[in-house]
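Here's a quick briefing to read with the model open beside you. Take a look at the structure, then work through the notes below.

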Protein chains: 2
Amino acid sequence: VMFDTPVVVVDAAVMDRNIQRAQTVATAAGVRLRPHVKTHKSSLLAQKQLEAGATGLTCATLSEAVGLSEAGVGGDLFVAVPFYPSPSKLARIDLLLEAGSDLSLAVDNLSVAGLLAIRYPGGGPRLIVEVDSGSHRTGVDPVEALPVAAACGDLFGGVFTHGGHGYPPGMAAAAGADEVRVLAETKNRIEAAGGRVAVISAGSTPTAAHCVGDPVNEVRPGTYIFGDWQQVGNGAMALDDVAVSVMATVISAPAADRFVLDCGAKILSKDQPAWVEGYGHLPQMPGAVIERLYDNHAVVSTHGDRPPMVGDQLRVIPNHVCPVINLVDQFLLTTGDVVPVDLRGHLT
Amino acid sequence: VMFDTPVVVVDAAVMDRNIQRAQTVATAAGVRLRPHVKTHKSSLLAQKQLEAGATGLTCATLSEAVGLSEAGVGGDLFVAVPFYPSPSKLARIDLLLEAGSDLSLAVDNLSVAGLLAIRYPGGGPRLIVEVDSGSHRTGVDPVEALPVAAACGDLFGGVFTHGGHGYPPGMAAAAGADEVRVLAETKNRIEAAGGRVAVISAGSTPTAAHCVGDPVNEVRPGTYIFGDWQQVGNGAMALDDVAVSVMATVISAPAADRFVLDCGAKILSKDQPAWVEGYGHLPQMPGAVIERLYDNHAVVSTHGDRPPMVGDQLRVIPNHVCPVINLVDQFLLTTGDVVPVDLRGHLT
């Protein structure tokens, strides 16, 4: 088949198997699966994950949550990035509550926890306190979680963490253990002070399998649905479990050791974790390296492979699938169906 | 003013001044200005550039050209990235020709030039041969331009180059000179063989001022309309001429030396040229560095500056404006107007 390139294509059978496998693992471990929708940005695929047994959905932004609600899959939502309750954010929270969402929100500091507790005196969103388990991004130090939980008042619903330090190769098991340890410590401290910690949420695609131990009762992987080259590179997923491709056409072959594809940074993004070489992987030319990425050009070194011809179409596995999906309005399934990326953008 | 963040804001007065200045420079030098629309992806701003005196527009893709045509600004278009004439690309070319566009297309190899010459025996798109002046991306070696020009037959319209090696600091003058030299050599060689070279096109935002010498008769800068941090870093633009900002909110301040903004890679992109530090510049905290960028988090090290409070809004100048604009559906002008990014996506 000749594609109108560049285009994102997803193997439907591999994707379905990924959805099912993650659900089976979570169910067997006795934890709830709350997939992160920022990977697929699609209410259709969120629906599929819920039908497979997911108990709710994770979002990165309130506007993603509003999009899910408008698409009819806004029953149980957790916005897992801390935010400041400006008038526009509060308006979205109110919209979601009025639409009947069971809404959970990330908080990691006293001032926001206090503002929300005052704003919703009779109850409203559930506040989940983010604890830093080693990624040093957002999240309070575990010893400071208790006052933040207390500031949430009646809105306090639990604790969560993101073991982002589990992404590099060989780090997932230790980071997963950090997630469990830090959440257990925090839970114990809050319970010792008389609090009730209902939600104890952890886990990304690399760490989810390593953090399903007690007391964690929920995991939030996202990338697992599609896979990508960084998840193969760090050992979290097998190459055969990668469902996503960017199909690209050779538009120029100006030298024996170099050719150019039409998949630039405006579809591949410039994500490049330290443990992968180049800006994506070419399964048909595993020795070739996408050395340079411009907005609309990908410059590939053949490194001794026989160069393709102008007009040839090649499959590229992107380094990081989340920004790729966020660059397209829709993608193709191998079944021939088209999936709208209806939550694309939705930044606020 | 409190923004619903993250959001792209453009200073209308600075943008207008940039449009006018580039036009004045081109007019004074006696060359045509053909701005690259991939930077703003907006038919409204394309119209503004034409009204200021631009003689036509540059696109990166045929679907951008179709978008401009549909918006009523498709009179004189040059798609400056080589492509392979698949059925879907040919359909777009035909659509543009039927709509009355004066259409120029980039070619850099014999097979595509020959295919297009056969496909349009009675005339059609003008083919402009790309020559490599040192960026080693697309473009034929100058000594190989003559056979490609010959393969274009009656469609041959001229030559162009992109001196992308002029982006790093201190390189613009030499790269601009390379553009002029390589185009002059190529023109002379084609003319010596009896060809007529109407279009001689060069120039990016850093190199445009350095390549307006004879025989160049057209320049194609794009970024100049907004500016960005890499153009300040390489000396091509002054900080006061940067019109674009990403407005972001401090969502977390978990440590004395670190805070987190809500402008992640899904709005700033991960572009990071070697000559800038971090993933964007904070004019209000010039010593601070955006050290890590996740999809929805920007982790900033204060490097001794007094950290801001959760809820504070900060201006970020992005490293590279083109991918930023391509991530939003619209942006704000300081006049209060909203500019739709109607060519966003348009990858094919």
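Let's start with Lys89(A), which is buried at a relative accessible area of 6%; buried here means under 20% relative accessible area, exposed means over 50%, and partly exposed is in between (1.4 Å probe, protein chains only). Keep in mind that this is a predicted model, where local features need pLDDT of at least 70, side-chain atom pairs count only at pLDDT 80 or more, and totals for chains, interfaces and linings use all residues. Residues are numbered from 1 along each chain as its sequence is written, chains are lettered from A and ligands numbered from 1 in the order in which they are written, and side-chain values use heavy atoms, with hydrogens and water left out.

**Salt bridges between the chains**

- Lys89(A) pairs up with Asp4(B) in a salt bridge, at 3.3 Å from N to O; the term covers a side-chain nitrogen of Lys or Arg within 4 Å of a carboxyl oxygen of Asp or Glu.
- That pair crosses between chains, with Asp4(B) in the segment before strand 1 (7–10) of chain B and Lys89(A) in helix 4 of chain A. Helices (H or I, at least four residues) and strands (E, at least two) are DSSP runs, numbered from the N terminus.
- Asp4(B) is partly exposed, with a relative accessible area of 23%.
- Asp4(B) also meets the side chain of Arg92(A) in a salt bridge, at 2.6 Å from N to O.
- Lys38(B) and Asp295(A) form another salt bridge, at 2.9 Å from N to O, and both residues are buried.

**The interface as a whole**

- Chain A and chain B each put 56 residues into the contact, where contact means heavy atoms within 4.5 Å.
- About 4,600 Å² is buried between the two chains, with carbon and sulfur atoms giving 52% of it. Buried area is the accessible area (1.4 Å probe) that two parts lose on being put together, summed over both.
- On the chain A side, Arg137(A), Lys266(A) and Leu347(A) lose the most area to chain B, together 16% of what that side buries.
- Why do the copies meet through the same surface? Because 100% of the interface residues of chain A are also interface residues in chain B.

**How the copies are related**

- Rotating by 180 degrees, with 0.0 Å of shift along the axis, superposes chain A on chain B at an RMSD of 0.0 Å.
- Within chain A, the C-alpha nearest the axis belongs to Lys270(A), at 2.8 Å from it.

**Two histidines to look up**

- His210(A) sits in the loop between strand 8 (199–202) and strand 9 (218–219) of chain A, and counts as partly exposed at 38% relative accessibility.
- Setting aside neighbours within four places in sequence, His210(A) is in contact with Ala172(A), Ala173(A), Gly176(A), Ala177(A) and Val180(A).
- His281(B) is in the loop between helix 9 (265–268) and strand 12 (289–293) of chain B, and is buried, with a relative accessible area of 11%.
- Beyond neighbours within four places in sequence, the contacts of His281(B) include Trp229(B) and Arg315(B).

Conventions: Least-squares fit on C-alpha atoms with pLDDT ≥ 70 in both.
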